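Okay, thanks for having me.

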Amino acid sequence: MYAVGDVHGCADALAALHRVVENDLAERPVDDGSPAGGGPCSPLLLHLGDLIDRGPDSARIVATLAAGPPIPGVPTINLMGNHEWMMLAALSRRDAEAQRVWLENGGYESLRSWGVPAKAPPGEWPGLLPPEHLAFLRDLAPWHQLDGYLFAHAGVRPGVDLERQRWADLLWIREPFLSWVGPMLSSDPDLVVVHGHTVTAEPVLRPNRVGVDTGSGRGGALTCAVLEGSRVRFLRS
């Protein structure tokens, strides 16, 4: 499995990382991680949210992913980040505070990427965006679980069962998640959470979590975690 961290509007970096993933698949077929080295299995590509804002090409990223899997033959799952949530809130609530918060956190750059005129009033924003792009954003999943990993943009509320996790935590949490040293979910003590949201200079690898936001859109690299059973390695663009 390939889990891509926060992209933040950097479409060229994402396209380059997709090429790195494609080459990696060609050179190293995904292993199932069994003790016997059980051979290749089906790959999966995940984007962990915050596709948009800050960088110049949010619209191009959404258009690419809304059109289907960017790597032929590799199923793709796209998760919601707090920036997608902020954008949708600004578009749907007609709430001046929600609009201000989004604009101050990269919304100006996103609107510009969709060609929305700077003087367009907020009430006109939804009508100036492609309906298929809005549908893609609204359909983003809050989490995905597979093969001992839980993928969520920001993390989880430690000790809370998965079915009782709040969207606010999955999309926004930092503490106590980041400093938690025990099992993240008591119902599944071996589960490892793979997340973005919190920027670090290098990817984070701990027994209970893997962090892959290395600052794309803020001058840092775009990072992808490669998960092969219990083995984790990283790719960058």
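**Cores, a helix and some strands**

Let's start inside. The largest nonpolar core has 53 residues, and the ones touching the most other members are Tyr2, Val4, Met87, Trp102, Trp114 and Trp125. Bear in mind that this is a predicted model.

Take Met87 from that group. Leaving out anything up to four places away in sequence, Met87 touches Ile52, Trp102, Trp114, Leu129 and Leu137. There's also another core, lying apart from the largest one: that one has 14 residues, including Met1, Leu44, Val212 and Ala225. As a bit of background, nonpolar side chains in soluble globular proteins tend to be buried together.

Now, helix H1. This is residues 11–27, so 17 residues, and at 1.5 Å a residue you'd expect a span of 24 Å; the end C-alpha atoms are 24 Å apart, which agrees.

Which residues of H1 are buried? Those are Ala11, Leu14, Leu17, His18, Val21, Asp24 and Leu25. Look down the axis of H1 and you'll see the buried residues fall within an arc of 135 degrees, so they line one face of the helix. Turn to the other side of H1, and Asp12, Arg19, Ala26 and Glu27 are exposed.

So what covers the buried residues of H1? The cover includes helix H2 (58–66), plus strands E1 (2–4), E2 (45–47), E9 (223–228) and E10 (231–236).

We have an open sheet of 5 strands, in the order E3-E2-E1-E9-E10, and the pairing is mixed. At the edges sit E3 (76–78) and E10, each pairing on one side only. From one strand to the next, the twist averages 20 degrees.

Zoom in on E1 and E2: these pair in the parallel sense, over 3 bridges.

Last stop, the hairpin. Strand E4, residues 143–146, and strand E5, residues 149–152, run antiparallel and are joined by 4 bridges. For Gln145, the bridge partner in E5 is Leu150. And which residue of this hairpin takes a positive phi? That's Asp147, with a phi near 50 degrees, in a hairpin that has 2 residues between the strands.

That's my tour, thanks, everyone.

Conventions. Residues are numbered from 1 along each chain as its sequence is written. This is a predicted model: local features need pLDDT of at least 70, side-chain atom pairs count only at pLDDT 80 or more; totals for chains, interfaces and linings use all residues. Side-chain values use heavy atoms; hydrogens and water are left out. The expected span of a helix is 1.5 Å times one less than its number of residues. Buried means under 20% relative accessible area, exposed over 50%, partly exposed in between (1.4 Å probe, protein chains only). The arc is that of the directions from the helix axis to the C-beta atoms. Contact means heavy atoms within 4.5 Å. A nonpolar core is a set of buried Ala, Val, Leu, Ile, Met, Phe, Trp, Tyr and Cys residues joined through side-chain atoms within 4.5 Å. Two strands pair if DSSP finds at least two bridges between them. Axes are lines fitted to C-alpha atoms, for helices over the stretch in contact, and angles run from 0 to 180 degrees between N-to-C directions.
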